[in-house]
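I opened my notebook for another look at a protein chain. Here is what I looked up, in the order I went through it.

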Amino acid sequence: MSDAYSFRSLPLADIRPGTTVLVSGPIHGGARELGLRMLAGDSDEGAIIVSTNERSSRIVEECKRVGLDVRSDSTAILDCVGDENQNVPARVLPLSGPSDLTGIGMRFSDVYRDFQRAGIDRVRTGLYTTSTLLTFNDLQTVSRFVHTLVGRIDSVDGLGVLLIDPSNHDERAVGTLAQFCNGRIDVRDEGESPELRARGLADQPRDWTAFDPRE
């Protein structure tokens with residue numbers, strides 16, 4: 001088995017390969033930054049970002065702000081929004097929209113195969129956000145998609161980070177998607193710094209623990 005995935009300057013223990021985590025918290029309250037920072041790996045790792053509600057150029061800006069090294073040979077953005085500015089240091093693959101779950105899955109598989117051919121075997125995948133998928137698709141459809149994506153990430157010893165804003169959904173929807181993941185990290189932002197706590201993940205903080213949203 002590959003080495004566990006580690007996280008620079010975050011109060012998180014290493015996570016075993018094949019794990020997918022649901023990050024649940026307010027999009028503008030530290031959850032998004034945490035999710036992106038969890039994709040920042042070593043120089044020999046790849047990153048696949050599924051962008052459902054922001055332009056690729058904005059995603060790249062956010063990645064750079066949190067310390068993720070964006071390079072065209074190791075960073076791919078599956079763009080569900082459409083961005084006329086393609087002059088970004090990442091490989092951008094356009095999709096028809098957040099409702100195109102089949103297309104997202106196919107693009108993911110294509111990019112992963114390309115990474116493998118280039119000698120990149122360790123890949124971190126981020127879905128930002130699952131909430132947008134639920135706006136364009138029903139819960140059952142999104143659940144099937146998440147279940148399939150988690151299985152693919154597991155089969156290649158990758159790391160998955162799926163972001164959801166619980167304020168936009170009832171607990172049933174969040175709980176349903178969480179059951180397809182290996183664990184869950186909740187985020188809240190009620191004080192000077194955002195805090196996180198984990199569920200279902202070994203050796204992770206069980207109590208609310210502060211973290212810096214930027215590197």
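My entries below run from the whole chain to single residues.

**Ground rules.** I am working with a predicted model, where local features need pLDDT of at least 70, side-chain atom pairs count only at pLDDT 80 or more, and totals for chains, interfaces and linings use all residues. I number residues from 1 along each chain as its sequence is written, and side-chain values use heavy atoms, with hydrogens and water left out.

**Overall fold.** I looked up the secondary structure and found six helices and nine strands in the protein chain. Both are DSSP runs numbered from the N terminus: helices are H or I with at least four residues, strands are E with at least two. The C-alpha trace spans about 40 × 35 × 35 Å along its principal axes. I then checked the radius of gyration, taken over C-alpha atoms, against the globule rule of 2.2 Å times the number of residues to the power 0.38. For 215 residues a compact globule would come out near 17 Å, and the protein chain has 16 Å, which agrees.

**Surface and contacts.** Of the 215 residues, 55% are buried. My cut-offs are under 20% relative accessible area for buried, over 50% for exposed and partly exposed in between, with a 1.4 Å probe and protein chains only. The protein chain exposes about 9600 Å², and carbon and sulfur atoms supply 43% of that area. These areas come from the Shrake-Rupley method with a 1.4 Å probe; for residues, only the protein chains shown count as cover. A contact means heavy atoms within 4.5 Å. Among contacts with a separation of 6 or more, 69% are between residues 24 or more positions apart.

**Charges.** I counted 24 positive and 33 negative side chains, and the centres of the two sets lie 3 Å apart. Lys and Arg count as positive, Asp and Glu as negative, while His and the chain ends are not counted. Each charge is placed at NZ of Lys, CZ of Arg, CG of Asp or CD of Glu.

**Salt bridges.** How many salt bridges does a search of the whole structure find? It finds 16, taking a side-chain nitrogen of Lys or Arg within 4 Å of a carboxyl oxygen of Asp or Glu.

- R58 and E54 pair at 3.8 Å, N to O; R58 is partly exposed at 38% relative accessibility, whereas E54 is buried at 15%.
- R71 and D73 pair at 3.2 Å, N to O; R71 is partly exposed at 25%, and D73 is partly exposed at 47%.
- R184 and D186 have their closest N and O atoms 2.8 Å apart; R184 is buried at 10%, and D186 is buried at 6%.

**Helix α2.** In α2, residues 56-65, I found S56, S57, I59, V60, E62 and C63 buried. What covers them? The cover includes α1 (27-37), β2 (46-51), β3 (75-79) and β4 (91-94). After α2 comes G67, with a positive phi near 95 degrees.

**R124.** Is R124 buried or exposed? R124 lies in strand β5, residues 123-128, and is buried, with a relative accessible area of 1%. Leaving out residues up to four places away in sequence, R124 touches Y5, S6, F7, M38, L39, A40, G41, E45, G46, A47, I48 and L159.
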